[in-house]
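This briefing concerns the structure shown below. The points that follow are grouped by topic.

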Amino acid sequence: MKIRNADRREHIVLQMTPMIDIVFQLLVFFVFTFKIVLPEGDFNIRMPSAAATRTIEPSETPLLKVTLRAAENRELAQIRLNDIVFEGPAPFLQLQQQIRSMIGDAGGPGTAEQEVEIDSDYDLKYRYVINALTAITGYIDSNGDQHKLVEKVRFAPVEQQ
Amino acid sequence: MRIRPRGDSKILEGDLTPMIDMTFQLIAFFMLVINFADVEQDQRITLPLSELAQPPDAPYELPLTIHVTGGGRFIFAGNQVANLSDLRSALQLEKQIIKGLRPKKLEEVTIIIRADQNAKIGLVQEIIQTCQDLQFEIFALRGEQSNTSTLSGT
């Protein structure tokens, strides 16, 4: 009987080409569908029309009015809370501290009754209003926990240009 | 002189293993970071930063997104809108569609306003006023999340 030589077994070669084709197609798909989504968040405001709000009973707490005035170059010129003017390098931080002292913030869930109206110049840059909203609606403490301050915010009627 | 036969030359095969390794790693990376969420963003708009701008807990039921560029142009439903009256017409159309599909659900529509940080606040207010006239009530002013406090400067 003839014994086959073990060294002469067939060498099996795997076909790599189809796999590489598919892998490249997958890669191309993922590259083309890839999109960078920046983390975004919202300030939620419920503002029914003036006609709808007339039926609602007026709040007992006095309305706080935040006034933002624009300079010639559309930058922030002045910020006021009622009659208190905030000046210095961080006026929005001062505004936040003032609101915290006015509503008696103790790190709680915020106040549902207090309402703030933002009155800003037409040309003012939008980012200053977002800064004002940040100062009014809450803060993040040193532990990274978020605390709410005023939940009801509305805008004063816009003055037409 | 003896000439070597050409048939004897060996077939040179490149080592494909590192390339395949790298390709699989790329695929794994893209699979992990892929996002199928239908987020309406526009590269022309730079949102203002805020540490309190938090993403909503649940997706809005009926969102309508209006973009306002730094130059004062409006973008609604992927189209550039020339002025406020055209935006009103487009919103009016949306209102009719929503009322036709889902009666009495108009107050559940959330108007998402994605305004550039340098846009005029007056324009944003005019959009809000226009939406209020059309009986939309809920607004979401969108900002970009910031890890640092944005109130320490002007």
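Which residue is the bridge partner of Gly41(A) in β6(B)? The partner is Gly143(B). This is a predicted model, in which local features need pLDDT of at least 70 and side-chain atom pairs count only at pLDDT 80 or more, while totals for chains, interfaces and linings use all residues. Residues are numbered from 1 along each chain as its sequence is written, and chains are lettered from A and ligands numbered from 1 in the order in which they are written.

**Contact between the chains**

- Chain A contributes 50 residues to the contact and chain B contributes 51 residues; two residues are in contact if their C-beta atoms, placed from the backbone, lie within 7 Å.
- On the side of chain A that touches chain B, at least two residues each come from α1 (17–33), β1 (40–46), α3 (91–102), α4 (126–137) and β6 (138–140) of chain A. Helices (H or I, at least four residues) and strands (E, at least two) are DSSP runs, numbered from the N terminus.
- α4(A) gives the largest share of that side, nine residues.
- The side of chain A that touches chain B comprises 31 nonpolar, twelve polar and seven charged residues. Here Ala, Val, Leu, Ile, Met, Phe, Trp, Tyr, Cys and Pro count as nonpolar, Asp, Glu, Lys and Arg as charged, and the others, Gly among them, as polar.
- β1(A) pairs with strand β6 (residues 138–145) of chain B in the antiparallel sense, over seven bridges; pairing requires that DSSP finds at least two bridges between two strands.

**Chain B**

- Chain B has three helices and six strands, and its elements follow the order α-β-β-β-β-α-β-α-β from the N terminus.
- Of the 154 residues in chain B, 24% are buried. A residue is buried if 20 or more other C-beta atoms lie within 10 Å of its own, exposed if 12 or fewer, and partly exposed in between, with C-beta atoms placed from the backbone.
- Among contacts in chain B with a separation of 6 or more, 78% join residues 24 or more positions apart.

**Nonpolar core**

- The largest nonpolar core has 52 residues, and Val129(A), Ala132(A), Ile136(A), Ile111(B), Ile113(B) and Val124(B) touch the most other members. Such a core is a set of buried Ala, Val, Leu, Ile, Met, Phe, Trp, Tyr and Cys residues joined through C-beta atoms within 7 Å.
- α4(A) supplies the largest share of this core, eight residues.
- Leaving aside residues up to four places away in sequence, Ile113(B) touches Ile66(B), Val68(B), Val124(B), Ile127(B), Phe139(B), Leu141(B) and Arg142(B).

**Helix α1 in each chain**

- The end C-alpha atoms of α1(A) are 24 Å apart, which agrees with the 24 Å that its 17 residues should span at 1.5 Å a residue; the expected span is 1.5 Å times one less than the number of residues.
- α1(B), residues 17–33, reaches 25 Å from its first C-alpha to its last, close to the expected 24 Å.

**Individual residues of chain B**

- Most residues other than glycine have a negative phi.
- Ala77(B) has a positive phi, near 55°, and lies in the loop between β3 (74–76) and β4 (79–81) of chain B. Ala77(B) counts as partly exposed because it has 13 C-beta neighbours inside 10 Å.
- Gln135(B) also has a positive phi, near 75°, and lies in the loop between α3 (121–133) and β6 of chain B. Gln135(B) counts as partly exposed because it has 15 C-beta neighbours inside 10 Å.
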